[in-house]
Amino acid sequence: MKATTILLAYYVSAAGTVFLGGTQLVSPVSAFSTAGRMTPIILGHKKRTTKTQRPSLPTSINSLYEEAIAAHEEATGFETSIQEQSIISTHPKYMQEIPKLGTIMKMLPKESFQVSTKESLIYFGLDLAAVVTCLSSLHMVVTSDLYHSLAMWQQAIMVAPLQVLSGFAMWCMWCIGHDAGHNTVSKKHPWINRLVGEVAHSVICLTPFIPWAKSHLKHHLNHNHIDRDYSHQWFIREEKDELHPLFLAAYELRNLQLPFLYLVYLLIGIPDGGHVVFYGRMWQEESLKEKINASWSVMVSIATAGWLWSTMGMADFLVVCMVPWLVTSFWLFMVTYLQHHSDDGVLYTDDTWDFTRGAFETVDRSYGGNAEHKKQQWLDVDRLSHHMMDGHVVHHLFFTKIPHYRLKGATQALQAGLEQKGLGHLYKKVDTPNFTQEIVRQFHNNWFFVNEDQVVRETQEKESKLEYQKKLK
């Protein structure tokens with residue numbers, strides 16, 4: 001009972017902390033309020049000035065998203081005659097017609113965009129119960145007389161299954177916090193997103209919620225841009241010899257890094273900037289007020305880790321908390337990497353990138369539980385992971401609008417809608433039932449490299465598509 005009490009207290013320890021700053025702290029993430037300053041870079045617009053108060057999290061994210069849609073609507077012409085469009089790049093991927101986001105939105109049923117606070121909190125509660133059960137059981141085993149009577153290698157074998165299960169349960173909870181970062185846990189009560197995010201990420205996954213949400217938003221606004229994308233480091237394979245010696249050394253040791261890359265991302269800040277100590281490109285234009293707001297999440301994570309360490313002792317803390325955390329870290333890196341790496345994937349530059357093209361370069365992957373994976377139907381990994389893997393494309397298209405429990409239906413509608421318009425080739429899905437082998441293979445073969453021919457660059461001479469087609473003939 002003591003172990004259970006300790007861990008129950010662990011999972012709610014930050015809940016009160018979120019409210020310590022009163023209304024200002026509980027209000028939506030003010031760290032996002034400078035996201036508008038990204039607009040000139042991302043969309044090529046002139047900076048707009050206003051005397052009104054900066055928007056809160058929901059308004060800020062949705063405003064940027066709507067501006068991205070508007071810019072795409074102006075820049076592309078799915079309804080425009082193909083002969084009237086000028087050629088920016090002759091890369092085959094750029095020559096594909098891309099539908100407008102408004103057209104894509106009409107393919108999806110209206111319920112895809114319905115966010116239910118009640119349903120979101122039910123999933124949160126279920127995952128919280130799963131994490132508490134797994135980690136409490138692990139703690140009881142580690143503190144038992146039987147465990148301490150065994151040799152160290154026997155202890156490791158005894159707890160390994162529970163550590164793997166606990167890490168997976170934490171990964172599922174991380175996915176709930178991911179929804180909170182996109183403001184899709186609740187639209188009516190923004191403070192619920194903050195509370196759920198702090199508990200799911202800052203406490204359970206020891207991932208400071210606001211700094212993570214900040215860098216993740218920038219990833220969504222720059223997906224598959226070779227320079228501006230966040231969360232992903234891209235290197236041109238043909239330029240390998242020009243890399244810094246430290247990166248070359250990291251490449252040689254790449255397969256040993258898989259369980260630790262998320263820790264490197266959070267602490268060292270490669271490539272986005274620190275999520276615990278605030279430095280790097282993600283913090284370059286942030287105000288002191290915004291950094292203070294983000295620092296609350298850091299303090300929650302540090303306080304949680306410190307309290308657990310002092311309560312359990314270093315050995316039990318490492319076995320009960322940190323080893324499952326590394327399992328969660330492995331899941332997170334594996335899923336994120338495979339969502340954004342495929343054999344036919346491409347990256348874009350300032351001249352060729354737009355929001356929708358980048359979104360269609362992401363990949364849906366099914367890890368098991370679908371009909372085609374007969375040997376894994378008993379374990380629906382996709383569903384347990386809240387369709388984080390097999391609903392990723394539609395998530396990137398409408399990342400502030402569709403909650404996780406609507407992703408499967410929205411994805412099916414997207415596939416059907418694209419097929420009806422003869423655009424089914426735009427949607428990419430790779431069945432990946434052997435996902436652990438796939439991440440090792442992909443990371444070993446490619447690391448963070450892309451080939452030069454996978455980068456869609458501007459052509460030297462501009463011409464109309466009609467003229468280009470005549471040349472081909």
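Asn 224 touches Asp 229, His 340, Val 346, Leu 347, Tyr 348, Trp 353, Gly 358, Glu 361 and Thr 362, leaving aside residues up to four places away in sequence. This picture comes from a predicted model.

- Asn 224 sits in the loop between helix H12 (209–220) and E1.
- Asn 224 counts as buried because its relative accessibility is 2%, and the cut-off for buried is under 20%.
- Asn 224 and Phe 360 are 136 residues apart in sequence. In space, their C-alpha atoms are 9.4 Å apart.
- One of the contacts of Asn 224 is Glu 361. Glu 361 is also part of a network of salt bridges with Asp 344 and Lys 428.

- Thr 184 is placed in the loop between helix H10 (152–181) and helix H11 (190–204).
- Thr 184 has a relative accessible area of 1%, so this residue is buried.
- Not counting residues up to four places away in sequence, the contacts of Thr 184 include Val 115, Ser 120, Asp 179 and Asn 193.
- Phe 399, Thr 400, Lys 401, Ile 402 and Pro 403 are also among the residues that Thr 184 touches.

**Salt bridges**

- Side chains of opposite charge can pair when their charged atoms come close.
- The count of salt bridges comes to 10.
- Glu 119 forms a salt bridge with Arg 406, with the closest N and O atoms 3.9 Å apart. The pair links distant parts of the chain, 287 residues apart. Glu 119 lies in helix H8 (residues 117–142). Arg 406 lies in the loop between helix H19 (392–397) and helix H20 (407–420).
- Glu 119 counts as partly exposed because its relative accessibility is 26%.
- Glu 286 forms a salt bridge with Lys 214, and here the closest N and O atoms are 2.2 Å apart. This pair also links distant parts of the chain, 72 residues apart. Glu 286 is in the loop between H14 and helix H15 (288–312), while Lys 214 is in helix H12.
- Both Glu 286 and Lys 214 are buried.
- Arg 457 and Glu 452 meet through their side chains in a salt bridge of 2.7 Å, N to O. Arg 457 is partly exposed because its relative accessibility is 36%. Glu 452 is partly exposed too, because its relative accessibility is 28%.
- Asp 344, Glu 361 and Lys 428 are linked in a salt-bridge network.

**Surface patches**

- A patch of negative charge on the surface gathers Glu 238, Glu 239, Asp 241, Glu 242 and Asp 453.
- Glu 238 is found in the loop between strand E1 (235–236) and helix H13 (245–252).
- Glu 238 has a relative accessible area of 53%, so this residue is exposed. The cut-off for exposed is over 50%.
- Leu 263, Leu 267, Ile 268, Ile 270, Val 277 and Tyr 279 make a nonpolar surface patch of about 510 Å².
- Leu 267 belongs to helix H14 (residues 261–267).
- Leu 267 is partly exposed because its relative accessible area is 44%.

How values were computed
Residues numbered from 1 in each chain as written. Predicted model: local features only at pLDDT ≥ 70, side-chain atom pairs only at ≥ 80, totals over all residues. Heavy atoms only, no water. Patch = residues over 30% accessible without salt bridge, like charges linked within 9 Å, V, L, I, M, F, W, Y side chains within 5 Å. Areas by Shrake-Rupley, 256 points an atom, 1.4 Å probe, with all protein chains shown as cover. Salt bridge = Lys/Arg side-chain N within 4 Å of Asp/Glu carboxyl O. Lys, Arg positive; Asp, Glu negative; His and termini not counted. Charge placed at Lys NZ, Arg CZ, Asp CG, Glu CD. Helix = DSSP H or I, 4+ residues; strand = E, 2+ residues; numbered from the N terminus. Buried < 20%, exposed > 50% of the residue type's maximum accessible area, 1.4 Å probe, protein only. Contact = heavy atoms within 4.5 Å.
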